[in-house]
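Q: I have just opened this entry and would like a guided look at it. Could we go through it step by step?

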Amino acid sequence: MIKGSRSRRLSLFSLALAGTSFGHAAAQTSPATANVASAKAAAIPDSQRITLRWGERIPLQDGVTLNATLYRPKGQTAPLPCLLTLTPYTAQNYHSTAVYFAANGFPFLVVDVRGRGGSGGELRLFEQEADDSAEVVEWLASQPYCNGKVAMWGGSYQGYNQWAAASRKPPHLATIIPAASPFMGVDVPGRSNIRTTAILPMAIYIAGRTLQGEIVTDGALWAGLLRDRFVAGMPFATLNSAVGDPTHLSPHLGIWAQHPAIDAYWDAQVPTKEQFAAITIPTLSLTGLFDNLQLGAIEYFKRHKLYSSPDAPDRDYLVIGPWDHAGTRTPRPQVGGMAIAPAGVLDLQKLNLDWYRWTLGDGERPAFLQKKIAYYVTGAEAWRYADDLAEIRVETRSYRLGATVNPDRLSAPGTLAVGGSARALPGGADHYVYDPADVSLADLESRTDPTSLIDDRLIRARDGKQLVYQTAPFERETVVSGFIKLSLWIAIDQPDTDFQASIHEVKADGSTVLLAADQKRARFRYSNRRSVLIQTDKPLRYEFDQFPFVARAIAEGSRLRMVIGPINSIYSEKNYNSGGDIGRETFADSRPVIVRIVHDAAHPSTLVVPIGRPFR
């Protein structure tokens, strides 16, 4: 989802597609003729090497007609494998991508999903895509310019569509490359059933038939609107009122509000165990270390491997790069204010092209895919490879929480120690107070880039309102790679509240890098499907097990810092701690909560960090 609705992360799904033109392939008869042919091809723009058919009409079985734009290699005389993407963001947004693939020998069909652009019908986000996408695959396979092999392409919503289509097992679907794919209940419409205000600009972006790109990409506008609502204590259920009441154009928010916990509605939007098992085509999943839909993208990969028959061919690949959401299509040399080395700015269009040539034709497996999983380690600025996610860590390191004074200040943090003391403070546990009526940091947050990995001003400004724990300085460079886990014994004196835990590298010079964060709503302590209000002030165990995948070489002399506090943000649904209907709560329902974290022998609050192979 959008993180903060800033222009760097424009919508729930990708709003920017790769428009880069790459080198052209040329037939080779000898080095001399190859050079001449290559030079000749390079002199012709890709857009002049394709033919365009605008306004292609695709009839569906229920009578709805979809609109598409078709790109074909100029001079195509024989049927070829075809590529397909279906999008709610209108076909013209994918012009550069379609031109690239068509110029390199693959007809490319870009389709407006029903209810969007030139397509008929009514848009029902996610609900419609499995059947529609599978039907379009078969329609495309029957066209005279297609040889019967259809592949799909795209990221975010377009990545979701690929898994949705594959779940219906259309006979002519040959391969998919889903990037940054949202998984319902994992990262949509929010993590751990905590909704994000980003769903509003996302809904506005695709309301009606056109795109509201200029409105949605005005990060300052949204930050201001959301700040004002936050300060006024407006209930989440009236989020639409920030821009009037566009319910008639974007009914999705109302539908989603009827399902605040994971239930059959969300389950229906993802493949079942049996459907995952039936997907036998090769898949190449792409996501990023800083992709806000990373958890969902990896969940598809994990479930497909889990449910596949042991006899089925293992043709699933996963690439986790140093990218944010948009970077899973167009990597950039800087993410969240952090520089990325050239090795991380991968030519993803070329990787996609090589994959299609391998799986649809007689090309070789892309050389980059040395093993089933490729992941990038920041800090070391290098790619690593594994055949299974479990191989990425060679050990786990358990850090027990400790403190001698209440660690609510950055200047006097608690400790994270391997085999260290787990005793609680004399007279009680570590604690902070969260008052939902406190809006003192709203203005600062509205002026802070929420996508930044290196700006810790908000953490510093929350001094005294959160708990902080740190390791000792690392004696040598240490690779943290895999999924962090956190087990906390927490006591609260109200029926409900929200927590967030974030993990940072603190360098020797005091600068920081955000590695990962997870969040939890107390009423969903047992499960995101089961709401149980807290009825005791005794400590209960909470498992934070939805941290995203991390791959970072922690420098010698750096520390790990863990910050635990409330979710009190202009970009998130606010929990007023009363135990009522959170979507409708206001300041009138506000209850301050005392949050105590216990870490004694009977309550071993522990941070578990995955450690990878050292580089040296």
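Q: Which residues touch the most other members of the largest nonpolar core?
A: They are L84, L109, W256 and Y356, in a core of 162 residues. A nonpolar core here is a set of buried Ala, Val, Leu, Ile, Met, Phe, Trp, Tyr and Cys residues joined through side-chain atoms within 4.5 Å. Buried means under 20% relative accessible area, exposed means over 50%, and partly exposed is in between, using a 1.4 Å probe and protein chains only. In soluble globular proteins, nonpolar side chains tend to be buried together.

Q: What should I know about the model and the numbering?
A: This is a predicted model, in which local features need pLDDT of at least 70 and side-chain atom pairs count only at pLDDT 80 or more, while totals for chains, interfaces and linings use all residues. Residues are numbered from 1 along each chain as its sequence is written, and side-chain values use heavy atoms, with hydrogens and water left out.

Q: What is L84 in contact with?
A: Leaving aside neighbours within four places in sequence, L84 contacts L109, V111, V136, V137, L140, V150, A151, M152 and W153. Contact means heavy atoms within 4.5 Å.

Q: On to helices. How do helix 3 and helix 4 pack?
A: Helix 3 (residues 129–141) and helix 4 (residues 157–167) pack at an angle of about 75 degrees, with their axes 8 Å apart. They are therefore roughly perpendicular to each other. Angles under 35 degrees count as roughly parallel, over 145 as roughly antiparallel, 65 to 115 as roughly perpendicular and the rest as oblique. The axes are lines fitted to C-alpha atoms, for helices over the stretch in contact, and angles run from 0 to 180 degrees between N-to-C directions. Helices (H or I, at least four residues) and strands (E, at least two) are DSSP runs, numbered from the N terminus.

Q: Which residues make that contact?
A: Helix 3 contributes E129, A130, S133 and A134, and helix 4 contributes Y157, Y160, N161, A164, A165 and S167. The residues of this contact comprise 6 nonpolar, 3 polar and 1 charged. In this count Ala, Val, Leu, Ile, Met, Phe, Trp, Tyr, Cys and Pro are nonpolar, Asp, Glu, Lys and Arg are charged, and the others, Gly among them, are polar.

Q: How many residues of helix 4 are buried?
A: 11 of the 11 are, so helix 4 is largely enclosed by the rest of the structure.

Q: Where do W355 and W358 lie?
A: Both are in helix 12 (residues 348–360), where, being 3 residues apart, they are separated by about one helical turn. W355 is buried, at 0% relative accessibility, whereas W358 counts as partly exposed at 27%.

Q: Which residues form an aromatic cluster?
A: One cluster consists of Y94, Y100, F101, F106, F108, W153 and Y356. Y356 also belongs to the group with the most contacts in the largest nonpolar core.

Q: Finally, what surrounds Y542?
A: Not counting residues up to four places away in sequence, Y542 touches L486, S487, L488, I490, F499, K520, A522, R525 and I534. Y542 lies in strand 21 (residues 540–544) and counts as buried at 1% relative accessibility. Y542 and R525 are 17 residues apart in sequence and 6.2 Å apart in space, C-alpha to C-alpha.

Technical notes. Phe/Tyr/Trp six-rings, centres within 6.5 Å; stacked < 30°, edge-to-face > 60°.
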